[in-house]
Structures are given as C-alpha cells and as structure tokens.
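Please examine the sequence and the three-dimensional structure shown below before reading further. The report is meant to be read alongside them.

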Amino acid sequence: HRPQGVAVDTLGTIYVSDTDDSTVRKIAPSGAASLVAGRSLVSGSQDGTGASARFGSPSAMAVDASGVLYVVDRSNNVIRKITAGGVVTTFAGAAGVAGSDDGVGAAARFNRPAGIAVDSRVMLYVADAGNNLIRQIFPSGRVLKIAGLTRAGGEVFDGDTDGAGSQAQFRTPWGVACDNRGNLVVCDTGNSRIRRVTTRLPAI
C-alpha cells in the first residue's frame, strides 16, 4: 500500500516499508513475504514486538551488517529501530514532536525526516527534510547536525550554498547514501541537485 522504503541485508532478505499500511514487511530470497512489525492499517507510535508495534508512516530504511533495521517513521518525526527478533524501539526523536534539537534519544528532534543510511560502524545519517539538515546519529543514540543551517529557536533556512557544516544550505534533502570513509551523497530534492558531504568520522 504505497511502499516507499527498501533495504537488503547480507543474506539477501529484502525489507520494505509498506507506508500507507503502517507496517514493515520482509521478502525472503524465495519470494515469500511476511510481516516484520506493525499492524495493517493501524497507525500509531507504540514500541513493541512484531504486530504489537505501531508506525505512523514508515518510509526510508537502512539495515546494518547484523540485520538490525533502522526506519524513518516520517509522520511521527522519529527514527525507529527493529532488532532481528522484531523488537521495535524509538531510537531517536520524540513521537509527534517536531524540532531541530540535537540530543540523545528522545531528547533529539526531527522535522519530517526523509532518508537514512548506515555505515559499517553503525553510524546513521539522516536527511532531515523539514529542517533542511543532514544529521548524524551515533550508536548511543546521540544526534548531531553535521550540515545545514538552523538558528536558536529552531528557525529553518533553505538555500543552495556549499560550505562546511552550518555554512552549507539545502532545500528539502531527501535521499542519503554513505560509504565507509565518511562520504555522503545527498539528493537535495528542492534544488534538483546531488550533493556530496565529506565528514570526519569521530571516535565512538
């Protein structure tokens, strides 16, 4: 029902965010489809295991080498985590609360995040579309702005400017991909451009 996100693990299992169904599904290499988490056509923000969890609008996804899924739950303004056993938790952000604050876990804020990627160190990168920012999330859940401009009070800026950190400007960044050297490729949708963001990977 209008699926929007897809990720593939090291075993060839395909994971799909079935956005308007409010569920996350998986497709085995054999082609057999099954439910991972959420309940069909029942939206919400509840953490839980399998069908007891709820999503608002699951969209972009990334899967790490151990099979853990990270899901952008866009309408809830959060990043969700799904273990290999189907346990869903809210990894970063607060459900239903928009903003641009950095912080750890529920103290961080997003505004209609759209894209996500994960590298070999389980460092996440998020295209925070409503804030025109690129965010980084540590395995601890600590969220940082790494590119794009906001000011005190959460004022949002858009533009088409290259530069380091807050000197750069985006207009509705949507997709993001990364390599293992700290390089990101960003679909800067509102500017009809593909941008590159070079980061220095910090010690974890």
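## Overall form

The structure is a predicted model. The protein contains 19 strands and zero helices. Its radius of gyration is 16 Å, close to the 17 Å that the globule rule gives for 204 residues, so the protein is as compact as a globular protein of that length. Taken along the principal axes, the box filled by the C-alpha atoms is roughly 45 × 35 × 30 Å.

Contacts across the sequence can also be described. When contacts between residues at least 6 apart in sequence are considered, 36% of them join residues at least 24 apart.

## Surface and charge

Of the 204 residues in the protein, 49% count as buried; a residue is called buried when its relative accessible area is under 20%. The accessible surface comes to about 9,100 Å², and carbon and sulfur atoms account for 50% of it.

The protein carries 21 positive and 17 negative side chains. The centres of these two sets lie 2 Å apart.

## The nonpolar cores

In soluble globular proteins, nonpolar side chains tend to be buried together. In this model, the largest nonpolar core has 16 residues. Which of its members touch the most others? They are Ile 79, Phe 110, Ile 116, Leu 124 and Ile 137. Several strands each supply at least two residues of this core: β6 (58-63), β7 (69-73), β9 (87-92), β11 (115-118) and β12 (124-128).

Another core, of 14 residues, lies apart from the largest one. Its members include Met 123, Phe 138, Phe 170 and Val 197.

Ile 27 belongs to strand β3, which covers residues 23-27. Is this residue buried, partly exposed or exposed? Ile 27 has a relative accessible area of 27% and is therefore partly exposed, since that class lies between the 20% limit for buried and the 50% limit for exposed residues. Leaving aside neighbours within four places in sequence, Ile 27 is in contact with Gly 12, Thr 13, Ile 14, Val 16, Ala 32 and Ala 33. Thr 13 is 14 residues away from Ile 27 in sequence, and their C-alpha atoms are 5.9 Å apart in space.

Ala 32, one of these contacts of Ile 27, is found in the loop between β3 and β4 (33-37). Its relative accessibility is 42%, and Ala 32 therefore counts as partly exposed. With neighbours within four places in sequence again left aside, Ala 32 is in contact with Lys 26 and Ile 27. Ala 32 and Gly 99 are 67 residues apart along the chain, and 39 Å separates their C-alpha atoms.

## Two loop residues with positive phi

Where does Arg 112 lie? Arg 112 is in the loop between β10 (103-104) and β11. Although Arg 112 is not a glycine, it has a positive phi of about 55 degrees. Arg 112 is partly exposed, with a relative accessible area of 36%.

Val 122 is placed in the loop between β11 and β12. This residue is not a glycine, yet its phi is positive, at about 60 degrees. The relative accessible area of Val 122 is 25%, and the residue is therefore partly exposed.

How values were computed: Residues numbered from 1 in each chain as written. Predicted model: local features only at pLDDT ≥ 70, side-chain atom pairs only at ≥ 80, totals over all residues. Heavy atoms only, no water. Core = buried A, V, L, I, M, F, W, Y, C linked by side-chain atoms within 4.5 Å. Buried < 20%, exposed > 50% of the residue type's maximum accessible area, 1.4 Å probe, protein only. Helix = DSSP H or I, 4+ residues; strand = E, 2+ residues; numbered from the N terminus. Rg over C-alpha atoms; globule rule 2.2 N^0.38 Å. Contact = heavy atoms within 4.5 Å. Areas by Shrake-Rupley, 256 points an atom, 1.4 Å probe, with all protein chains shown as cover. Lys, Arg positive; Asp, Glu negative; His and termini not counted. Charge placed at Lys NZ, Arg CZ, Asp CG, Glu CD.
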